[in-house]
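Colleague: Could you take me through one part of this model closely, with the criteria behind each term spelled out?

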Amino acid sequence: MSRFSERLKSKKFIITCELFPPKGTDLTNLLEKAERLKGIVDGVNVTDSQRAIMRISPLAVCHILKEKGLEPIFQLTCRDRNRIALQSDLLGASALGIENVLILSGDHPTIGDHPEAKPVYDLDPVQLLKTARTLEKGEDLAGRRLKGIPKFCLGAVANPSFEPLELQILMMEKKVRAGAEFFQTQPIFDLKTFKNFKEKISKLGAKVIIGIFLLKSLKMAQLMDDIGLKIPKEYLKRLGKTEDPLKEGMNIAVDLIKNIKNECDGVHLMALGKEECIPEILRKAGLG
Amino acid sequence: MIISEQKPRKEILEMLTDRKRIFIVGCAACATKCQTGGEDEVKEMKRELEKEGKKITGTIVLDTPCDERIVKKDLSSLPALKNSDSLLIMACGVGLQTIGNLIDRLLVPALNPLFAGTTERIGRYYEYCSLCGDCLLDEFGGICPLTRCAKGLLNGPCGGARDGKCEVNDEVDCIWALIYEKTKEPLKTYYESRDYKKILQPGKRVVR
């Protein structure tokens with residue numbers, strides 16, 4: 001069982017964050033950031049060409065992180081691979097000792113840097129969760145027997161700001177039935193959204209790790225607000241007034257974590273390249 | 001119907017660069033409805049090509065250029081074809097290829113076929129069907145997620161929608177919100193992965 005999986009099964013608070021693989025083969029920067037996260041977080045998500053921007057394979061990065069003693073969570077999207085490639089990568093992950101997999105549909109190619117690419121979506125995330133569980137039973141989607149059986153700790157994503165929320169909850173329940181053991185959510189900024197969401201997931205039967213986003217500037221916050229992520233006015237004001245928006249963004253993340261940490265299973269920190277801020281945020285939030 | 005748009009004139013003229021004697025074929029079905037290859041558009045095309053110095057040997061708007069029987073009956077024996085070095089086809093790719101089965105001339109497409117869709121008004125069309133060979137519309141409140149969800153997700157929405165609009169195009173509703181308004185059942189049912197043997201070429205040949 002992976003360390004992350006053990007942590008999920010315990011009653012302990014879970015802390016995860018994410019690292020973006022680079023465009024290219026130079027991992028120096030990523031590994032420096034990873035080094036600072038060692039022992040501080042329970043899992044590090046490695047994104048799969050996030051925002052549909054082509055980057056180095058998350059599977060390769062997960063393998064290297066694991067060798068360095070970190071606990072990777074392999075993000076696997078349905079966007080670029082058909083069912084043959086998806087199963088193949090799942091088996092590959094398992095053979096490399098990577099058990100934790102976060103399954104998601106993946107941002108559509110048209111919003112990324114290769115908008116001409118053919119979108120795949122052969123399986124959807126629910127079908128892919130189920131497929132991973134099928135592999136664990138020793139057979140593939142075609143019903144063929146496997147030689148050597150993988151084991152996974154499977155997660156999925158959820159969006160607490162989705163409207164209607166009820167639809168998102170039904171979707172989460174379906175993902176749990178298909179095999180999801182944990183969720184990592186899109187960022188929450190607004191406590192009302194959090195409370196509303198929390199009420200509805202009490203009987204879910206999976207751990208829900210709440211997304212916390214590091215706002216680095218007022219402009220970024222406005223952008224997030226524009227796409228529907230409801231940033232409280234107070235935060236916009238704070239970011240507008242300060243000389244040091246990154247520091248204020250960190251303070252906001254700290255406040256958010258303090259406000260929710262006793263009412264959720266864990267937090268997932270999205271620092272968008274400022275991962276070096278994570279230890280300080282956690283310490284100030286009383287989690288370090 | 002098959003929704004189509006006209007190719008830009010410039011592109012059509014480039015394809016016709018070395019062509020001198022051109023016969024124009026329109027379509028009385030879908031391309032007429034879309035106003036891309038009906039009587040009026042064929043006339044307009046003739047006028048414009050003549051202005052460019054091309055000789056138009058004749059024109060016809062076929063009932064259904066996608067039907068070999070019609071092409072055989074109404075087009076293939078026309079004397080004007082003998083004087084033509086090429087045919088400009090103002091129909092979809094099915095029409096063009098059907099004509100190509102029967103007539104040995106250079107065929108030039110004047111249209112870009114877009115999708116099988118519905119018409120709100122001329123110029124405003126919505127793709128509704130993927131011609132998948134395995135219709136699921138008894139489920140999903142009669143709305144096709146395979147076609148109308150940008151990712152073709154069968155088991156429910158992704159998290160990308162904002163204010164009920166799709167992450168790919170904010171002028172388009174997240175189709176899952178519409179499905180959900182009609183019925184909650186699809187969110188409670190598990191849908192297996194699709195059998196693409198039935199869906200993708202060359203599996204789509206229906207022979208009886």
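Modeller: What follows looks at one residue, His268 of chain A, and then at a second residue in chain B for context.

This is a predicted model, in which local features need pLDDT of at least 70 and side-chain atom pairs count only at pLDDT 80 or more, while totals for chains, interfaces and linings use all residues. Residues are numbered from 1 along each chain as its sequence is written, chains are lettered from A in the order in which they are written, and side-chain values use heavy atoms, with hydrogens and water left out.

A:His268 sits in strand β8, residues 266-270 of chain A, where strands are DSSP runs of E with at least two residues, numbered from the N terminus. With a relative accessible area of 3%, A:His268 is buried (under 20% relative accessible area, with a 1.4 Å probe and protein chains only). Its side chain makes a polar contact of 3.3 Å with the side chain of A:Gln184, that is, a pair of N or O atoms within 3.5 Å, one able to donate a hydrogen and the other to accept it, where residues adjacent in sequence count only if both atoms are side-chain atoms. Leaving aside neighbours within four places in sequence, the residues in contact with A:His268 (heavy atoms within 4.5 Å) include A:Thr16, A:Cys17, A:Glu18, A:Asn45 and A:Ile209.

In chain B, B:Val25 belongs to strand β2, residues 21-27, and is buried, with a relative accessible area of 0%. Among the residues that B:Val25 touches, not counting those up to four places away in sequence, are B:Ile60, B:Leu62, B:Leu75 and B:Met90.

Terms used:
Helix = DSSP H or I, 4+ residues; strand = E, 2+ residues; numbered from the N terminus. Buried < 20%, exposed > 50% of the residue type's maximum accessible area, 1.4 Å probe, protein only.
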